[in-house]
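Let me put the structure up, and then I'll walk you through chain by chain, starting with the overall packing.

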Amino acid sequence: MLNISNLHVSYGGIRALQGISLNVEEGKIIALLGANGAGKSTTLRTIMGIVKPDQGSIDFEGESLLGLKSFQVVMKGIALVPEGRRVFSNLTVKENLSLGAYTRKDKEKIKADIEEIYELFPRLEERHTQSAGTLSGGEQQMLALGRALMSKPRLLMIDEPSLGLAPVLSQDVLSKLVELNQKRNQTVLLIEQNARAALSIADYAYILETGQIKLEGPASELATNDDVRKTYLGIH
Amino acid sequence: MTFDSFFQNLANGISLGSLYALIAIGYTMVYGILRLINFAHGDLVMLGSYFAFYGVSMFFLPWWAAFIFAVGVTAGVGVVMEKVAYRPLREFPRINLFTAAVAVSFLLENLAIVIFGGRPKAFSRPPFMDKMLNIGSITFVSYTPIIIAVSLVLFVGLILIINHTKAGTAMRALSKDIETTGLMGVNTNKTIMFAFLLGSCLAAVGGILWAIKFPQINPLMGVMPGLKAFVAAVLGGIGNVGGAMIGGLLLGIVEIMLVAFFPSLSGYRDAFSFAILILLLLFRPTGIMGEVQPEKV
């Protein structure tokens, strides 16, 4: 579905990505793991057209995404839940969700989809007229996820959903992703610092280190790999 | 002061304030999105009145067609200004954008001097705007209620656009976070352009109404209304559209009332507005409607 090959990205003098290649298969949960500064967010930001690559290719369903602006990437069927959630604190919960459906024209269907998001996250319905700035961190993460789903993405990308959340809440978010994957066949590309949690829900995982793919493989295999266990799972 | 003259002054203050407010909205919308004080905004006020003047005197358009023509052309200038001078600088430090705004302002003023001529021109009002109206024992010229009514319609229209349309929601989102708004599938360039379009239209209407109220136009006529509207935008809380309306009305009313109550101070009218700005920046820098929003991380 998404094929990235030999992607190089640099900011100023820093080479953030040095030729990474990865593949996202339809219907799967793919995890992208790695330490801070390894280039995980840069990868997603490059896919969304926020950052321009120096070389390499990004193809989605056979079409190149290079040179597209964020809104055009969204129209191709990709949505990103950005790091730190970044909900619009000056808009209400409901307005945040409607904005997520900005590229769509089917008004009736959008209404029904907002109801569906409320079913998935009942807390959002309770607060739908409140401004998003008044929500708790966990609720904001739910809102950011719901907002991304409103564009009906074929590929959902989510950047560090458990950042700054209590362990119970981050477990909640991850289990929602599994639910979406199983019930709707939602394809997910997940960035996560909590490698253990990510490997437990992913089908396949890539491990990034200073801009290069260090390791890749089925999540269950990586979870038992000695290097991974030492470096990312803290098991000796 | 008698009751009648109080009301006369109040109406006068509201009509002046409406003009400040119309102009202030453009400052505040652009600031809200780009964090840019668009110093060239006042010059759009001047262009609006000149285009209306030429629409009537050169193209012999009926007054209403000349006004629509003027609003359209001024909006075009505003959109080109954004695209040529501001968009390429958006990723650079704010000071570059700010410097560009000052440059665009000088450019428009000097182009106007070259093209339109430096001598003031007499702006002729449509005849129905020149009538004396008597309501009870209060007398006003008919343009006063017309200015207030036109402004009111535009304020309501703008608030509806901002709060109840997709483009309006996108504009509010942009003012919070441009990058994330793009992630929602919003064409951010187009939406920023739309904000400039709306602001320029209101500035043009403000300019035409200004020329109706003070019927003499010159290439630097936009400077003072522009500065006053800027004070009004800061007074209301810069970045806040409702605040710009309130700030504009307040400034207009206070200015007129100051002169009405203390005629001997009339020479200090402009100084008074800027004194308000200084005091405001010292004691309530966020303005009336602006508040420091606590952000959750």
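So, of the 236 residues in chain A, 45% are buried, and by buried I mean 20 or more other C-beta atoms within 10 Å of a residue's own, with 12 or fewer called exposed, anything in between partly exposed, and C-beta atoms placed from the backbone. Before I go on: this is a predicted model, so local features need pLDDT of at least 70, side-chain atom pairs count only at pLDDT 80 or more, and totals for chains, interfaces and linings use all residues. Residues are numbered from 1 along each chain as its sequence is written, while chains are lettered from A and ligands numbered from 1 in the order in which they are written.

Chain A has 10 helices and 10 strands, taken as DSSP runs numbered from the N terminus: H or I with at least four residues for helices, E with at least two for strands. Its radius of gyration is 17 Å against 18 Å from the globule rule for 236 residues, so chain A is as compact as a globular protein of that length. That radius is over C-alpha atoms, and the rule is 2.2 Å times the number of residues to the power 0.38.

Now the sheet. It's open and mixed, with six strands of chain A in the order β6-β7-β8-β3-β9-β10; pairing here takes at least two DSSP bridges between two strands. At the edges, pairing on one side only, sit β6 (78–81) and β10 (212–218) of chain A. Strand to strand, the twist averages 15°. β6(A) runs parallel to β7(A), residues 155–159, over four bridges, and Val81(A) is opposite Ile158(A) there. Lying across β6 and β7 of chain A is helix α6(A), residues 137–149, at about 170° to β6(A). Angles like that go from 0 to 180 degrees between N-to-C directions, with axes fitted to C-alpha atoms, for helices over the stretch in contact.

Leaving out residues up to four places away in sequence, Gly34(A) touches Lys40(A), Ile207(A), Leu208(A) and Glu209(A), a contact being C-beta atoms, placed from the backbone, within 7 Å.

Last, the interface: 25 residues of chain A contact 19 of chain B. On the chain A side, α2 (70–76), α3 (93–100) and α6 of chain A each give two or more residues.

Notes
Contact = placed C-beta atoms within 7 Å.
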